Amino acid sequence: MTTTGDRTSTPDSAPATDVLIRRPLPPELLARGTDPFAPPPGLDALRAQGPVAGVRLRNGANLWMVTGFAESKALLTDERFSADTHRHPNAMQLDPEQVVRHQAAVAAGTGGCPVTDVPPTGGRFIFMDPPEHTRLRRLLVGQFTVRRMRALEARVREIAVEHVEAMRAAGAPADLVTDFALPLPSLVICELLGVAPADRDGFQDRTAVLVNLDADEETRLRAYAEQDEFMRGLVADKRAHPADDLISGLVHGDADPALSDRELVDISSMLLGAGHETTANMLALGTFALLEHPDQLAALRAEPELIDTAVEELLRYLSVVHTGPVRVAVQDVELGGVTVRAGDTVMVSLPEVDRDPGRWPEPDRLDLRRTRNHHLAFGHGVHQCLGQQLARVELRIGLAELLARLPGLRLAVPPAEVGLRTEMVIYGVHSLPVAWD
C-alpha cells in the first residue's frame, strides 16, 4: 500500500507481539469519545481524509479503511476482494516479521496472492470465497425455513416474557445484560441448533472468552478447545439421534458431498457465536440508547407500531460490529479515489459507513421514524448475515416486551458509569443496571 502525507495514521508504541496480533488497530480508532453511541473520534477524523484512507497498524502493516457507504457496497460485491483468510491472510493477522515479507511482495507487484492454492477446509464459511462459500451457504439457507422461523418467533416471545417477568419478580435493580440481553438470543440460537438446556450456560461462558480481545492467549486457546470438544459431541449426538433442528437437518439432509464432522463443528460454532453475541449487544446497547434519548423512547412507547423502523434505526445508529468486515485485494483495484494493490487489506468501518452524511440526512441523530433506511449493519453481498431476519425478530420482540412490561424503565447508575465493550470484537456494554416503577 502506498500511504503519503496525512492519509496514514501512525502506530503507538509497540506492545507484546501477542497483543499486536489480537489488537492491531491503533487505539484511537477504537476509543469512544463522550458519546458512547457515536463512532470513535479517530474514525471521524479518518473520514475527513476521504471515503478510503490509509491506516498504519500496530504490527507495522498497512490497511485501507473504508468509511463511505457507496464504496463499502462496491467492495463487498467485488470478486476482486477476498474473504478467504486461508489463501490470503490479511494485515490484521500478521506478526511483525511476516509484515516485512508481505509488504515486499506487495511492492514487487506479486501481492503475495494467493499464498496457497490449496482450498480451505472445514466449515468457517464466512472466511471463504465461492465456490466453497457458495456450497456451504446454500445448505444453510435451506435450513432457515419459514416454518422454522415462525416457530422460533413464538419461542422468542416466550423467552422474552419469561426473563422480563423474572426481573420483575426479583425486583429492581437488575443487570439487563445478564438478566435479559444475553440469555434471550443465546437460548434462541440453542433452540435452533438443538443444544440441550443443561449445556447452554457453559456455551455462553466460553463464547465470552473467545470474543474478548483482552483475554490472554492461553485462556482463549483453552476456551476454543473446550468449545470445539462440545460441538463435536453435539454433532455426534445429532448423527445418532436426529431431531427437528438445524444441525440434524444438515447432517441428514441432501448435501452432496455429505458434510464432514469438521465442517459441521465449524458451522455450528460460528452460528452459535454469531447468533447470540451481536444480538445480545444490540439489545443492551439499544436499550441504553433509548434511555439516553427520552424523546425517542417516549415516541416508541406512544406508538408501538414504530418498532420495525425503530429496530432498523438502532441497527444503523449503533452498528455494533466495529472492526470489520475485512477483505484482501487479489488484483489492483481503484476504490474511492485510491489504488488498492493486490495483497492490500481493506476494512469496512461499519460505524462510519452507517453514518455517511452522503447517504442519510442528519446521520448522527437517532430518529426512530427514519424510513428507507438501508444500512449495512448486516453486511452486504454474498456474505450478508444469514440470520438477519431472526435477529430482527429478537430485537423487535425483546425491546417491545421490555417497554411494555417495565414501565418507567431507567438507568440505575449515572450514564458515565456504564462500562463500554471497546476491547471486544462486538461493541456494546459490559453491564446495564436498570430500574423501573
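How many bridges join β6 to strand β9? I looked this up and found three, with β6 and β9 (residues 345-348) running antiparallel.

Before going on, I noted that this is a predicted model, in which local features need pLDDT of at least 70 and side-chain atom pairs count only at pLDDT 80 or more, while totals for chains, interfaces and linings use all residues. Residues are numbered from 1 along each chain as its sequence is written, and side-chain values use heavy atoms, with hydrogens and water left out.

Entry on strand β6. I take strands as DSSP runs (E, at least two residues), numbered from the N terminus. Two strands pair if DSSP finds at least two bridges between them. Strand β6 covers residues 326-329. Opposite Val 326 I found Met 347 of β9. Strand β4 (residues 81-82) also pairs with β6, in the antiparallel sense, over two bridges. There Ser 82 has Val 328 as its bridge partner.

Entry on side chains. In a regular strand they alternate between the two faces of the sheet. In β6, Val 326 and Val 328 point one way, Arg 327 and Ala 329 the other. I found all of them buried, meaning under 20% relative accessible area, with exposed over 50% and partly exposed in between (1.4 Å probe, protein chains only).

Entry on cysteines. I searched the whole structure for disulfides (pairs of cysteine sulfur atoms within 2.5 Å) and found zero. For Cys 190, the nearest cysteine sulfur is that of Cys 385, 17 Å away. Cys 385 is likewise in no disulfide. Cys 190 counts as buried because its relative accessibility is 0%. Cys 385, at 30%, counts as partly exposed.

Notes
Helix = DSSP H or I, 4+ residues; strand = E, 2+ residues; numbered from the N terminus.
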